[in-house]
Amino acid sequence: MAFGIETRMSANARALTTIVGAGVLFGASALGAEAMAVASGLIGMFLAFGWSFLIELPNPGTARRVIVGTAIATAFVAYFLTIRELTFLAGFVVIAGFVAEMARKDGRPRLLEQISGTVSGSMLALMAGLWTRSLLVESDGVDAIQVVLIAIAVATLLEMLIPHSLRHLRHVVYMVGGFLGGLLFMLFADLAWYAAGLTGLAAGAILAMFDSILRRLPPATRRRPGFALAMVPLCAGAVVAYTLTLILA
């Protein structure tokens, strides 16, 4: 489907965008929960502006508005309330996505695909709120966040550097890179090697899983879908950080 002339984005540029985004979240984790709420909300909104184009939804505008609204609501709920209210928000987002799509007046082509795409993008934006919850739930949350972000950055960097002939091994590279990134974090924090390594491995596995799913789509060579694809690890990685935070608590 054509969307007019748009700046192209290479695979290396997408990887660098993910690494920069991980750096922004890392810095926000050091500044505090307020900064993290803003940063994670922005990650969700950046995802929103390209998600519809990444999965080629027939009505990008409706999906974008729902995902942006989810990202903003998530930032507020994650900072001011608790994980319980964030769970309620997840349920509300499903209903809101369904209602928004049913209210369209364009004949509603490919309705089921549109609804599932809107809800899945909203869920990713909502996952980003777990970065903030990780900071607020326990003091160990900073370590959990930073080890996951380093693992994501190292895994993404290694995947970017492997030669084209070895691209079929990229999922292994993601997990090895995540593991090494977790161990690298031990140089900066007092975290058990097995906790750091296993967390990094889990982050790498998340990257591999989403890579496996999203590579079935047409190549994200345009700027907006490429940017959204770069945000996916930064949204999904929050689940690993929050899980580690609960384990350490």
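Trainee: How many salt bridges does a search of the whole structure find?

Mentor: The search finds three salt bridges in this predicted model.

Trainee: What makes the contact of arginine 110 with glutamate 113 a salt bridge?

Mentor: The closest N and O atoms of arginine 110 and glutamate 113 are 2.7 Å apart. The criterion is a side-chain nitrogen of Lys or Arg within 4 Å of a carboxyl oxygen of Asp or Glu, so the pair qualifies.

Trainee: Why are arginine 84 and glutamate 85 called a salt bridge?

Mentor: Their closest N and O atoms are 3.4 Å apart, and the limit is 4 Å. Glutamate 85, with a relative accessible area of 22%, is partly exposed.

Trainee: Which parts of the chain does the salt bridge of arginine 170 and aspartate 211 link?

Mentor: These side chains meet at 2.8 Å, N to O. The pair links distant parts of the chain, with arginine 170 in helix H8 (residues 170-185) and aspartate 211 in helix H9, 41 residues apart. Arginine 170 and aspartate 211 are both buried, a term that stands for under 20% relative accessible area.

Trainee: Where does glutamate 56 lie, and what is its phi?

Mentor: Glutamate 56 lies in the loop between helix H2 (33-54) and H3. Its phi is near 55°, a positive value in a residue other than glycine. At 23% relative accessibility, glutamate 56 counts as partly exposed.

Trainee: How many aromatic pairs does the structure hold, and why is the pair of phenylalanine 76 and phenylalanine 80 called stacked or edge-to-face?

Mentor: The structure holds four aromatic pairs. For phenylalanine 76 and phenylalanine 80 the ring centres are 6.1 Å apart and the planes lie at 15°; the limits are 6.5 Å for pairing and under 30 degrees for stacking, so this pair is stacked. Both residues lie in helix H3 (residues 60-80), four residues apart, about one turn of the helix. Ring pairs also link Phe76, Tyr79 and Phe80 into a cluster.

Trainee: What makes tryptophan 193 and tyrosine 194 an aromatic pair, and of which kind?

Mentor: Their ring centres are 6.0 Å apart and their planes lie at 85°; an angle over 60 degrees counts as edge-to-face, so that is the kind assigned. Tryptophan 193 is exposed, with a relative accessible area of 54%.

Trainee: Which residues form the nonpolar patch on the surface?

Mentor: Met175, Met186, Trp193, Tyr194, Leu198 and Leu201 form the patch, with about 600 Å² of accessible area together. Helix H9 (residues 193-214) gives the most to the patch, with four residues.

Trainee: How do you know that helix H7 is largely enclosed by the rest of the structure?

Mentor: In H7, 16 of the 21 residues are buried, so the helix is largely enclosed by the rest of the structure. Helix H7 (residues 141-161) reaches 30 Å from its first C-alpha to its last, close to the 30 Å expected at 1.5 Å a residue.

How values were computed
Residues numbered from 1 in each chain as written. Predicted model: local features only at pLDDT ≥ 70, side-chain atom pairs only at ≥ 80, totals over all residues. Heavy atoms only, no water. Patch = residues over 30% accessible without salt bridge, like charges linked within 9 Å, V, L, I, M, F, W, Y side chains within 5 Å. Areas by Shrake-Rupley, 256 points an atom, 1.4 Å probe, with all protein chains shown as cover. Helix = DSSP H or I, 4+ residues; strand = E, 2+ residues; numbered from the N terminus. Expected span 1.5 Å × (residues − 1). Buried < 20%, exposed > 50% of the residue type's maximum accessible area, 1.4 Å probe, protein only.
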